[in-house]
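Here's a quick tour of one protein model, topic by topic. Have the picture open while you read.

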Amino acid sequence: MSDSTQLLLVTENQSKRTEIQALLAEHNVVTYNATNSTQAVELLKEETFDIIVSETDIGDMDAWRLVRMLRANLFRCTQETPFILLTDTYCEHIAETTANAFAINSVIPSDKLSNLGFTLANLLQEKQSSIHSQKVLIVEDDEDICELASRLLASHYVVDVAMTGLEGLQKYESAKYDIVLLDVQMPGMSGPEVLDNIMRINPRQAVVIMTAHGGTNLAEELMIKGAVDFIQKPFKGDQLRRVVGIAAHRENYLISNAQFEEKVLTIKRREDQYKNLSEAHTRLLNHLSTVVMELDAEGLIKFVNKAWLNLTGYERSETVGLPLVDFAFGDDDNTKNFVKHHLDSIFDGSEHYKKIEFQLARKDGSAMWVEVQFNDLYRQGQVSGVTVTLDNIDDRKKAELELNHLASHDTLTNLYNRHYFDTELKRLADTAQNSGYLHALLYLDLDHFKVINDTQGHHQGDIILKEVAETIAKVKRESDVFCRVGGDEFALLLPRTNKVDAQGIAQSICDLLQQGHYKFDERIYKISCSIGVAEINGEEERPETYLQQADIALYVAKKRGRNLVHLFGKEDRESGDFQASVQWVHVLQEAIVNDQLILHFQPVVDADTREVHYYEALVRLEIDGKLIMPGEFIPALERVEDINLLDHQVISKAMSMISEYKVLKKVAINLSAQAFSDERLLPLVQEKLGQYGVEPGQIIFEVTESASLTNLSATQDMIGKLMELGCEFSIDDFGTGFSTFSYLKQLPANCVKVDGSFVKDMVNNPIDKALVKSICEVASALDKTTVAEFVEDETTAIELKQLGVNYLQGYHISRPLSIDVIEEKYGC
């Protein structure tokens, strides 16, 4: 509505008036207000309005009479002005039917006021009032009667005329008419024949018979066949308009009556359903295993179902009228106060729903864990009671207690586990920082335990671990927290213990274990341990730092000859070189446990077609939401000779992702130098290929040139075995030692990767270009393909292709990408 709309609102309800004005605020409406019919009539005589909105009961004159005056053209606005009726009671089609009779454009119930703006906009866009929308077909061979009937009905209906029965039937078949005025006596197709055809097409069509004086018998016969009324010729104007008007609203009356009848039947059905439902609910409540009860406003039990007897042994007569809290188990008042506190929160309105668990007292004196739900009952604006459900969770609760034990204890030794250790370490670190107390941490590792495991088997190794745990547990103080944190690694937290006393305790443990011995198959094994000691003094921000310090001290103890105790000190230069390494080892171990290793993939493309030949898997660590590049953690792992851990995890994760993501048709996996002396590598590869259903030909293992030459015979052996499985092999960073060309003949690799330091400057450096060319020629002569790394521009890519390089890799082709991006960019 671009121009301002003049609206008359007739209502004495101030709140409704305010609501309507708010709803119409965005519709550019100027509202005139009348509180009753007298004010409305005065305004209608003085002003012109575009639309009128009125309630039904508006004083001396109701809305029905007001709209009749409007349609009689008694006011300044036109008789077609849209009129919207607001009603508190809305009975579907009955209201609409009555509105049609009075030419009201729309009826809106009070609970649907939000539709007013939409209705208003639609009405103002209509080009003509709905009172002129009904169509009448006059089938009459007398021109004078046709002309008279057309003139009498034209002011309220759209009139169409047919002079013969055949013409009338043709028009009826091609258009829709609300009423048909049908003459009986016509040449050709008679009125009864036309009626038969109309009834066959639409049995609900309103047809009024026009018959000459004396033709009433025939009219009655035709009404039996389907006509709704008849009128005798000649007729007066009022007679015709009345008969046609009744016929026009006949369908509405029929629908209204059917709806009213259906409403009566619906109410009856609902009453029956309510009765049946009430009886069913009573039966259901008595068959439930869940206890259902209702408490009154004082918290006293006023209803309880039969499940209460089965659960507690108490009869209803022993229960009703007593407070629920009386059935809480316990000699003290703690449980009763706990239940009362939560019930009070429901009664005072601070909570509407509550679920708690407590022990319920049974009649035989035993206790049972129950889960109880409270829901408030509102009547007349206040809490009048509480509905309660009680479920027996005794078995579940006992299982939870057992699971809690399992969650905090090691299943082999029954000592506390790593999770519990981390929790207690944090607690002691907090007390040291906040209260100034000194604590200590002993980190213990059995010396040469791997020898027993490898020679006697894991079963015997487990027996030793249990005996060691029992031995130390017997001598520890009651306040000490003893945990198994790894395979043969233990930790002992010593509350309120300084570092000097901690060293003494650690030394006594070393001496105690050294005195013991273990016999297997006539062989006697001595067990010793190394212990790293760290003081928990509150100076470190992160609790994990104390564990790292103890781990560093343990490393030093082992390095000095084992069966020793070493106290961590920041001035201890011997351990300083390994602080970063050990720290990263623990971070990586945690990353493996928590699946924080991330693989990104860099495409390697065909130099000719630029289609992806395979992807290189590149590992990252995700810590605290940040990606850590391999240069920051791989050197640390290599220094402590724990890089195999990373090799195994990357192989497992890469094969898992190849199985899951079809876009990864072939993937290169980097191996460390230690991989070739790792006896577990080959079985791991075989296991993972089978586990994930990956074809060996989908895997390329890459090892750097320098790593492969560290132990040439071991490298040759491992490459040979992996290639026997069907895997491919590639030598990475080739050319860093130019004299190693001869080694290419000794390494059964499929591919050679040209070191990127030669590639990135080869366009401007003739020596680098010559080196790249030589590597390509030697590789080609040995029937090996070549890959160029660090391809960072198109010029370099073109020259590499001209030199005979088979495949390209680098930022010009693509950066390493996450698997989601790889799928989106390269997937089918």
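Two parts are in contact when they have heavy atoms within 4.5 Å of each other. Helices (H or I, at least four residues) and strands (E, at least two) are DSSP runs, numbered from the N terminus. This is a predicted model, where local features need pLDDT of at least 70 and side-chain atom pairs count only at pLDDT 80 or more, while totals for chains, interfaces and linings use all residues. Residues are numbered from 1 along each chain as its sequence is written, and side-chain values use heavy atoms, with hydrogens and water left out.

**The sheet and its helix**
- Look for an open sheet of 5 strands in the order E12-E11-E15-E14-E13, with antiparallel pairing (strands pair if DSSP finds at least two bridges between them).
- Strand E12 (301-304) and strand E13 (353-361) stand at the edges with a single partner strand each, so one side of each has no neighbour in the sheet.
- From one strand to the next, the twist averages 25°; axes are lines fitted to C-alpha atoms, for helices over the stretch in contact, and angles run from 0 to 180 degrees between N-to-C directions.
- E13 and strand E14 (residues 367-379) share 9 bridges in the antiparallel sense, and Lys 354 has Phe 374 in E14 as its bridge partner.
- Helix H12 (residues 334-347) lies across strand E11 (291-295), E13, E14 and strand E15 (382-392), running at about 155° to E13.

**A buried threonine**
- Thr 211 sits in strand E9 (residues 206-212).
- With 4% relative accessibility, Thr 211 counts as buried (buried means under 20% relative accessible area, exposed over 50%, partly exposed in between, using a 1.4 Å probe and protein chains only).
- Beyond its neighbours within four places in sequence, Thr 211 has contacts that include Val 184, Ala 219 and Phe 230.

**The largest nonpolar core**
- A nonpolar core is a set of buried Ala, Val, Leu, Ile, Met, Phe, Trp, Tyr and Cys residues joined through side-chain atoms within 4.5 Å.
- The largest one has 69 residues, and Phe 601, Leu 664 and Phe 701 touch the most other members.
- Helix H22 (residues 643-660) gives this core its largest share, 8 residues.

**Two helices side by side**
- The axes of H22 and helix H23 (residues 681-692) come within 9 Å and cross at roughly 20°.
- H22 and H23 are therefore roughly parallel (angles under 35 degrees count as roughly parallel, over 145 as roughly antiparallel, 65 to 115 as roughly perpendicular and the rest as oblique).
- Among the residues that meet here are His 648 and Ile 651 in H22, and Leu 681 and Leu 684 in H23.
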